[in-house]
Amino acid sequence: MITVNLPNPMGEEHWGFWIALYFFLAGTTGGAYLLSVLFYDKDQGLVRRSALWAFLGVAVGAGLLVIDLGQPLRFLNLLLNGFHPASVMWLGSWFLVLAGAGLLWVYLRPTSRGVQQGVAVLAALVVGYTAVLLMQTAKPFWNASPLLPWLFLASAATAGGALLRLWYPHEKLSRLVIASALVEGAVLALHLIWTYPAATPGVLALLVGPLAWAFWGFVVVGWGLPLFLERRNAALAALLTLVGAFLLRYFVVMAGQV
């Protein structure tokens, strides 16, 4: 397995950098595709371009999963070793395959709005199942509140909107990014308050412990500063939002393992 060491003194985590990067890529590119289909369906160039980004995000994310597993055949086993609809990991593997195929189809060929919306549902499942997968574990920081999927979806909308903003400056998109960022911040605060009694070590690791660099980096650099800059320097705000989207997934993954 290839390892990447970020400043995390805990050092014994089962899921690490590659899983956080996979969550980030799938969430950001999937969010961009969802927003393009929901709000900019008349701009088929944007829809198809975002479909390509999301396909690449899913394809690279699947590669990162293989790296994290350490044995490529284990990923194939998830797909080929029987029918297990009760397994979130099995469902997620098939969501990846089906969403990837659908996104590539949308990019390569003109498709109807119905097909694009169907693929958007698959992309949303890819974004949301990652949080549900975390909640299936016995880790209080991940499963003590029901808000983690909503946090990932809100973050996907914020980061996806920021990605679109880099290529498609538009006032309506700016309003979407600001609204989703405010929802994201509120859901994160509620999640921390909700989980604190059951996951005190994980929450404290974020606030004042070994993961404070990631948490406060998100709050200041990846969330607050982009909101301040959104009307002043949209490109810089979008880039910082993407940094924040990765930091959020990184500290969520790590705090669950404290």
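So, is the crossing of α4 and α5 left-handed or right-handed? It's left-handed, meaning that the near helix is turned anticlockwise from the far one by less than a right angle, where clockwise would be right-handed. Before I go on, the ground rules: this is a predicted model, where local features need pLDDT of at least 70, side-chain atom pairs count only at pLDDT 80 or more, and totals for chains, interfaces and linings use all residues. Residues are numbered from 1 along each chain as its sequence is written, and side-chain values use heavy atoms, with hydrogens and water left out. Helices are DSSP runs of H or I, at least four residues, numbered from the N terminus.

Back to that pair. Helix α4 (residues 88–108) packs on α5 at about 150°, with the axes 9 Å apart; axes are lines fitted to C-alpha atoms over the stretch in contact, and angles run from 0 to 180 degrees between N-to-C directions. That makes the two roughly antiparallel, a label for angles over 145 degrees. On the α4 side, the residues that meet α5 include Phe95, Leu96 and Val106. Contact here means heavy atoms within 4.5 Å.

Now for Gln116, which sits in α5. Buried or exposed? Gln116 is buried, at 1% relative accessible area; the cut-off for buried is under 20%, with a 1.4 Å probe and protein chains only. Its side chain makes a polar contact of 2.6 Å with the side chain of Gln44 and another of 3.2 Å with that of Thr111. By polar contact I mean N or O atoms within 3.5 Å, one able to donate a hydrogen and the other to accept it, with sequence neighbours counted only if both atoms are side-chain atoms. Gln116 also touches Tyr33 and Val37, among others, leaving out residues up to four places away in sequence.

Also in α5 (residues 113–135) is Leu134, buried at 0% relative accessibility. With residues up to four places away left out again, Leu134 touches Trp15, Phe23, Trp142, Leu148, Phe152 and Val252.

Next, α1, residues 17–39: its 23 residues should span 33 Å at 1.5 Å a residue, and its end C-alpha atoms are 33 Å apart, so that agrees. The expected span is 1.5 Å times one less than the number of residues. Of those 23 residues, 21 are buried, so α1 is largely enclosed by the rest of the structure.

Last pair: α10 (residues 212–229) and α11 (residues 234–255) pack at about 155°, axes 8 Å apart. They are therefore roughly antiparallel to each other, and their crossing is left-handed.

Terms used
Buried < 20%, exposed > 50% of the residue type's maximum accessible area, 1.4 Å probe, protein only. Parallel < 35°, antiparallel > 145°, perpendicular 65-115°, else oblique.
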